[in-house]
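Have a look at this one with me.

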Amino acid sequence: MPELPEVETIARGLRSELLNAQIVKVNIVDPKVLDEASLKLVPLIENTKISGIYRRAKLLLLELENLQNQEPLTVMAGFHLKMTGRLLPVAFDETPHKHTRLFFDLITENNERKRLFFDDMRRFGYCKFVLPSELHTWNFWHKLGLEPLEITNKDFASAFFGRKGKIKALLLNQEIIVGIGNIYADESLFQASIKPDTLVQNLTTAELFTLHDVLVEILKEAIKGCGSSIKDYRTAGGEPGAFQNKLQVYGKAGQPCPKCNTLLSSMKVGGRSTVYCCNCQTK
């Protein structure tokens, strides 16, 4: 599943190409991609301007500003890409792909006609239209935790104080810290020298501060590298990311540790495959 760096990369790519574009038409290929409440808002989506494109957690959000001569209105379009979802700007004459679930007909700020496809091979992803005033009623949104790139070390550590459980599983909990999946949890725990199954109550404040520091550094470097393409992820331009070439431990069980040359081990934490170094990660 695309994690924070991948979704941030897609948001930046779309922003550079489609900000202030007008949505002329919403084409729903697979009605199951929208819930019932979103389907009712489709008429409000047409003739809107994409006034903002950004990320929250692993969600990609389009802020749509109404252009019709009526009371000003803003609608949010949230896309959760899940395992295989993609948002692709394409030429206006391009026909829907085999796995296209929904697409917008657009007129860009430069008066160029384009389309934005939401493709999803495995159909786990979805799109949701919601009024900003009703975001609090979206249970998923309401429960989202802290953004790791926007908080201090103290905020990060405080999010774990009083909790019980293994640190890897808690890092993956989107109600605590958002945007972190298997890749960046494994990488940050390795760099912080923390064993993934360590109980969070056994970590010191200083160790949590260190974990946040390395997590932020890794996330920023991954964004610079346009994310990690392990399987399906592609940027908004359809290109693979490059940060997978810098991964230290993720997916490398049985290979030598880049720090000490000990063969990397694997285990399950919170039902997720986890790679670590039994020599370097001892806490």
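S265 sits opposite Y276 of β10. That puts us in a pair of antiparallel strands, β9 (residues 265–269) and β10 (residues 272–276), joined over five bridges. Strands here are DSSP E runs of at least two residues, helices are H or I runs of at least four, both numbered from the N terminus, and two strands pair if DSSP finds at least two bridges between them. Two residues separate β9 from β10 in this hairpin, and G270 in the turn has a positive phi of about 60°.

A word on the model: it is predicted, with local features needing pLDDT of at least 70 and side-chain atom pairs pLDDT 80 or more, while totals for chains, interfaces and linings use all residues. Numbering starts from 1 along each chain as its sequence is written, and side-chain values use heavy atoms, leaving out hydrogens and water.

Now for the open sheet: eight strands, paired antiparallel, in the order β5-β7-β6-β1-β2-β3-β4-β8. At its edges are β5 (85–91) and β8 (126–130), each pairing on one side only. β5 runs antiparallel to β7 (residues 113–120), with seven bridges between them; A91 has K114 in β7 as its bridge partner. Helix α1 (residues 4–18) packs on this sheet, touching β2, β3, β5, β6 and β7, where contact means heavy atoms within 4.5 Å.

Where does the largest cavity lie? Domain 1 (4–143) and domain 2 (153–276) both give residues to its lining, so it lies between them; the domain bounds come from an automatic or database assignment. Among the lining residues are I10, L81 and Y233.

Conventions: 1 Å grid on protein atoms, 1.4 Å probe; cavity = no way out; pocket = protein on both sides within 12 Å on 5 of 7 lines; lining within 4 Å. Axes fitted to C-alpha atoms, helices over the stretch in contact; angles between N-to-C directions.
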